[in-house]
Amino acid sequence: MERREFLSGVSATLAVICVGGLAACGGKGDDPGPANPPGGGGGGNPKLTVNLANQLTTVGSFTIASGVVLIRLAAGNVPASFAALTSTCTHMGCTLSDVNGGKIICGSTCGHGSQFNTDGSVAMGPATNALAKYTVSISGNTLTVT
Ligand code: FES
């Protein structure tokens with residue numbers, strides 16, 4: 001078989017495969033795949049996931065991670081026992097640094113001392129706008145913030 005004949009045969013084979021519509025041929029890329037199902041499929045990507053078997057087990061405990069301040073407000077592994085808010089201060093965008101005495105504090109290295117209540121409202125300025133709230137869902141021991 002000549003080189004030209006071989007290449008011609010390969011091209012014809014690939015053309016047949018692509019006409020058949022296989023994803024390997026490229027195209028519009030409109031297959032969302034299992035990680036991004038059409039229609040939302042459950043509320044978007046989680047911002048934060050916590051194992052309640054060994055994290056946030058006591059009332060008042062909190063974590064600041066992945067852009068989220070997550071605080072346990074009450075006993076029981078139900079969504080109402082938690083507050084999930086953005087960890088970005090509404091004053092000038094510093095990351096909130098602490099939760100103390102029921103207040104979320106913007107201080108230490110970047111902030112200017114604003115404090116927020118666990119519902120996100122401003123407790124003390126200079127910030128004037130409330131923190132955005134996130135949704136908490138719980139399945140078994142897994143808490144998910146979206
Ligand atoms: S950035 Fe938070 S108080 Fe200024």
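This is a predicted model: local features need pLDDT of at least 70, side-chain atom pairs count only at pLDDT 80 or more; totals for chains, interfaces and linings use all residues.
Biologist: OK, let's go inside. How many residues does the largest nonpolar core have?

Modeller: The largest nonpolar core has 22 residues. Those with the most contacts inside it are V68, V69, L70, F82, A84, L85 and V145. At least two residues of this core come from each of β1 (48–51), β3 (68–72), β4 (82–86) and β10 (142–145). As background, nonpolar side chains tend to be buried together in soluble globular proteins.

Biologist: Let's pick one of those. What is F82 in contact with, neighbours within four places aside?

Modeller: F82 is in contact with L70, I71, R72 and L73, and also with V136 and L143.

Biologist: Now the pairing. Which way do β1 and β10 pair, parallel or antiparallel?

Modeller: β1 and β10 pair in the antiparallel sense, over four bridges. To find one of these on the model, go to N51, whose bridge partner in β10 is T142.

Biologist: How many bridges join β9 to β10?

Modeller: Four bridges join β9 to β10, and those two strands run antiparallel. S137 has T144 in β10 as its bridge partner, while I138 stands opposite L143 in β10.

Biologist: What sits between those two strands?

Modeller: β9 and β10 form a hairpin, with two residues between them. In the turn, G140 has a positive phi of about 65°.

Biologist: Switching topic: what's the order of strands in the open sheet?

Modeller: The open sheet has four strands in the order β5-β6-β7-β8, with antiparallel pairing. β5 and β8 stand at the edges with a single partner strand each, so one side of each has no neighbour in the sheet. From one strand to the next, the twist averages 35°.

Biologist: What is the phi of L56?

Modeller: Phi of L56 is near 50°, a positive value in a residue other than glycine. You'll find L56 in the loop between β1 and β2 (62–65).

Biologist: Why does L56 count as partly exposed?

Modeller: Because L56 has 19 other C-beta atoms within 10 Å, and a residue needs 20 or more to be buried.

Biologist: And what about S66?

Modeller: S66 is in the loop between β2 and β3. S66 also has a positive phi, about 55°, although it is not a glycine. S66 counts as exposed because it has 12 C-beta neighbours inside 10 Å, and the cut-off for exposed is 12 or fewer.

Biologist: One more loop residue, T88. Where does T88 lie?

Modeller: T88 lies in the loop between β4 and β5 (98–100). T88 counts as partly exposed because it has 17 C-beta neighbours inside 10 Å.

Biologist: Which residues does T88 touch, not counting those up to four places away?

Modeller: T88 touches G67, G93 and T95. T88 and G67 are 21 residues apart in sequence, and their C-alpha atoms are 6.8 Å apart in space.

Definitions and conventions. Residues are numbered from 1 along each chain as its sequence is written. A nonpolar core is a set of buried Ala, Val, Leu, Ile, Met, Phe, Trp, Tyr and Cys residues joined through C-beta atoms within 7 Å. Two residues are in contact if their C-beta atoms, placed from the backbone, lie within 7 Å. Two strands pair if DSSP finds at least two bridges between them. Axes are lines fitted to C-alpha atoms, for helices over the stretch in contact, and angles run from 0 to 180 degrees between N-to-C directions.
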